[in-house]
Amino acid sequence: MAQLIPSLPKALGKLLQAGGWAWVGYATVRLTQALIPEHEPTPEEKAKSLFARMDTNKDDPLTAEEFKAYAAKEGGNFQKAVENGFFEGLLNKAGSAGIVEEDFVKAWLQIQEDANAFKSF
């Protein structure tokens, strides 16, 4: 074992001298974990998460008031969506006092798809 240490990279040799192969194993696992990317949420998961943040009372149908309150807080594109009547358009299609998560996710995915298609021009 003593003959192996000089032939290893300097950092590995120091780890072996400090605590043996357990340290090398530990360091290898930690480095591997650092290099593996975390789970990237799917567009559907992102839409569901967005719906959950907007539906403040968690009663499932997202109301126009909840959407407008979220848009006022976030600003940017959400505020533009309010100004352009995006949510009212969804409500007209849903025909109810609010939009359920499933319909919101479908609409959100369609918007993302349309935006990506527009970018390709």
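A residue is called buried when its relative accessible area is under 20%, exposed when it is over 50%, and partly exposed in between, using a 1.4 Å probe and protein chains only. By this rule, E40 is exposed, because its relative accessible area is 56%. The structure described here is a predicted model, in which local features need pLDDT of at least 70, side-chain atom pairs count only at pLDDT 80 or more, and totals for chains, interfaces and linings use all residues. Residues are numbered from 1 along each chain as its sequence is written, and side-chain values use heavy atoms, with hydrogens and water left out.

Side chains of opposite charge can pair when their charged atoms come close. A salt bridge here is a side-chain nitrogen of Lys or Arg within 4 Å of a carboxyl oxygen of Asp or Glu, and the structure holds three of them. E40 takes part in one, with K46 as its partner and 3.7 Å between the closest N and O atoms. K46 counts as partly exposed because its relative accessibility is 44%.

The next pair brings in the helices, which, like strands, are DSSP runs numbered from the N terminus (H or I and at least four residues for helices, E and at least two for strands). E44 and K48 form a salt bridge whose closest N and O atoms lie 3.5 Å apart. These two residues are four apart in helix 3 (residues 43–54), so about one helical turn separates them. E44 is partly exposed, because its relative accessible area is 38%, and K48 also counts as partly exposed, at 35% relative accessibility.

The side chain of K106 meets that of E102 in a salt bridge of 3.4 Å, N to O. K106 and E102 are four residues apart in helix 7, and so they too are separated by about one helical turn. Both residues are exposed, K106 having a relative accessibility of 51%.

Attention now turns to helix 4, which spans residues 64–74 and has A64, E66, F67, Y70 and A71 as its buried residues. Viewed down the helix axis, these buried residues fall within an arc of 165°, so they line one face of helix 4; the arc is that of the directions from the helix axis to the C-beta atoms. E65, A72 and K73 are exposed on the other side of the helix. Just after helix 4 comes G75, with a positive phi of about 70°.

How do helix 3 and helix 4 pack, and at what angle? The angle is about 100°, and their axes are 9 Å apart. Helix 3 is therefore roughly perpendicular to helix 4, a label given to angles of 65 to 115 degrees, while those under 35 count as roughly parallel, those over 145 as roughly antiparallel and the rest as oblique. The axes are lines fitted to C-alpha atoms, for helices over the stretch in contact, and angles run from 0 to 180 degrees between N-to-C directions. Where the two helices meet, L50, R53 and M54 in helix 3 face E66, F67 and Y70 in helix 4, contact being heavy atoms within 4.5 Å.

Neighbours within four places in sequence aside, E66 is in contact with M54, D55, T56, N57, D59 and P61.
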